[in-house]
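Reader: I would like to go through this structure feature by feature. Please give the general idea where there is one, then the case at hand.

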Amino acid sequence: MLAAERQAKIVELTMRRGSVQVEELAQELKVSSMTIRRDLVKLEEENKLERCHGGAVAKQEELYADKQISHKKEKESLARRCLDYMKEGDTIFLDAGTTTYEIAKHMKGMKDLSVVTNDLEIAQLLKDSEVELFVCGGRVQKETGSMFERYATQMLEDFKFDVGFFGAACINNEFEVMTPTQTKMWLKRYTPVRCEKAYLVVDASKFGKQAMTRINHLGDFNGVITDKIFTAQEKERLNKLGAVIISE
């Protein structure tokens, strides 16, 4: 097998499984572990995957425009259900993302509402609304139009929220909320604890996927608003985690 064919196979396996291990790939592709490590370095440089300890994970940070059209109907439906968990007069945190963008659409006509967000697209949407709007500062991640890292997290230390709505890149089989990049971890982990009520809003496509960095797990939220149908075994595991699933 040529190097290019082997590397293409590694990308395919990583995307299909979510994550791969060096030793596993070496055995499967019948090459040395050193060869696989060199392949992973090259593929990371080409932005095709992300290396992690002992292997690699799929590159899952999509462009904002791509996310907006992905599972759009499901996101719109979930956003409508979020209206039951907010009221006029609330101070609300909206996490960056296209699902929370759909939630923001419903806020435009609400009065006496304060919204804090780290998403430039959400801020632009609410700029001319009745909402009192606050935007987190810091470096802009241009692919997603969002702000994370130290300055954004520091700003949030001065806020307490009635409600927070959060999205996720993926949720693995242990029901851990994961993110492809470490820069997002601290704000996404820290902000739910600043909320009187924190809700994770995710469509079914986000489940069963692995990424590099763990944020928290489903039991760390007051509720998980989703359209995913869980098996009896999964429901039992979720109950042990203390996860509250809000579905139709």
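Author: This is a predicted model. We can begin with a helix pair: H1 passes H2 in a right-handed crossing.

Reader: How is the packing of two helices described in general?

Author: Two packed helices are described by two quantities, the angle between their axes and the distance between those axes. Here helix H1 covers residues 3–17 and helix H2 residues 22–29; the angle is about 125° and the axes are 12 Å apart. That angle makes H1 oblique to H2, because angles from 65 to 115 degrees count as roughly perpendicular and those over 145 as roughly antiparallel.

Reader: Which residues of H1 and H2 meet?

Author: H1 contributes Arg-6, Lys-9, Ile-10, Leu-13 and Arg-17, and H2 contributes Glu-24, Leu-25, Glu-28 and Leu-29. By class, this contact has 4 nonpolar and 5 charged residues, and no polar ones.

Reader: On to salt bridges. How many does the count come to?

Author: The criterion is a side-chain nitrogen of Lys or Arg within 4 Å of a carboxyl oxygen of Asp or Glu. By this rule there are 14 salt bridges. One involves Arg-6 and Asp-39, whose closest N and O atoms are 2.5 Å apart. Arg-6 lies in helix H1 and Asp-39 in helix H3 (residues 33–45), so this pair ties together parts that are 33 residues apart in sequence. Both Arg-6 and Asp-39 are buried.

Reader: Lys-87 forms a salt bridge with Asp-90. Is Lys-87 buried or exposed?

Author: The cut-offs are under 20% relative accessible area for buried and over 50% for exposed. Lys-87 counts as exposed because its relative accessibility is 53%. The closest N and O atoms of Lys-87 and Asp-90 are 3.1 Å apart.

Reader: Which residue forms a salt bridge with Asp-95?

Author: Lys-188 does, with the closest N and O atoms 2.5 Å apart. This pair links distant parts of the chain, 93 residues apart: Lys-188 is in helix H9 (residues 185–190), and Asp-95 is in the loop between strand E4 (91–94) and helix H6 (98–107). Lys-188 is buried at a relative accessible area of 10%, and Asp-95 is buried at 0%. Elsewhere, salt bridges that share partners join Lys-72, Glu-76, Glu-102 and Lys-105 into one network.

Reader: Where is Cys-195 found, and in which strand?

Author: Cys-195 is found in strand E12, which covers residues 195–202. With a relative accessibility of 8%, Cys-195 counts as buried. Leaving aside neighbours within four places in sequence, Cys-195 is in contact with Phe-161, Val-163, Gly-164 and Phe-166. For a distance in space, take Cys-195 and Phe-159: they are 36 residues apart in sequence, and their C-alpha atoms are 9.0 Å apart.

Reader: Last, backbone angles. What is the phi of Asp-112?

Author: Asp-112 has a phi of about 55°, a positive value although Asp-112 is not a glycine. Asp-112 sits in the loop between H6 and strand E5 (114–117). Its relative accessible area is 61%, so Asp-112 is exposed.

Reader: Phe-175 also has a positive phi. Where does Phe-175 lie?

Author: Phe-175 lies in the loop between strand E10 (170–171) and strand E11 (176–179). Phi of Phe-175 is near 60°, and the residue is other than glycine. Phe-175 counts as buried because its relative accessibility is 3%.

Key. Residues are numbered from 1 along each chain as its sequence is written. This is a predicted model: local features need pLDDT of at least 70, side-chain atom pairs count only at pLDDT 80 or more; totals for chains, interfaces and linings use all residues. Side-chain values use heavy atoms; hydrogens and water are left out. Axes are lines fitted to C-alpha atoms, for helices over the stretch in contact, and angles run from 0 to 180 degrees between N-to-C directions. Helices (H or I, at least four residues) and strands (E, at least two) are DSSP runs, numbered from the N terminus. Angles under 35 degrees count as roughly parallel, over 145 as roughly antiparallel, 65 to 115 as roughly perpendicular and the rest as oblique. A crossing is left-handed if the near helix is turned anticlockwise from the far one by less than a right angle, and right-handed if clockwise. Contact means heavy atoms within 4.5 Å. Ala, Val, Leu, Ile, Met, Phe, Trp, Tyr, Cys and Pro count as nonpolar, Asp, Glu, Lys and Arg as charged, and the others, Gly among them, as polar. Buried means under 20% relative accessible area, exposed over 50%, partly exposed in between (1.4 Å probe, protein chains only).
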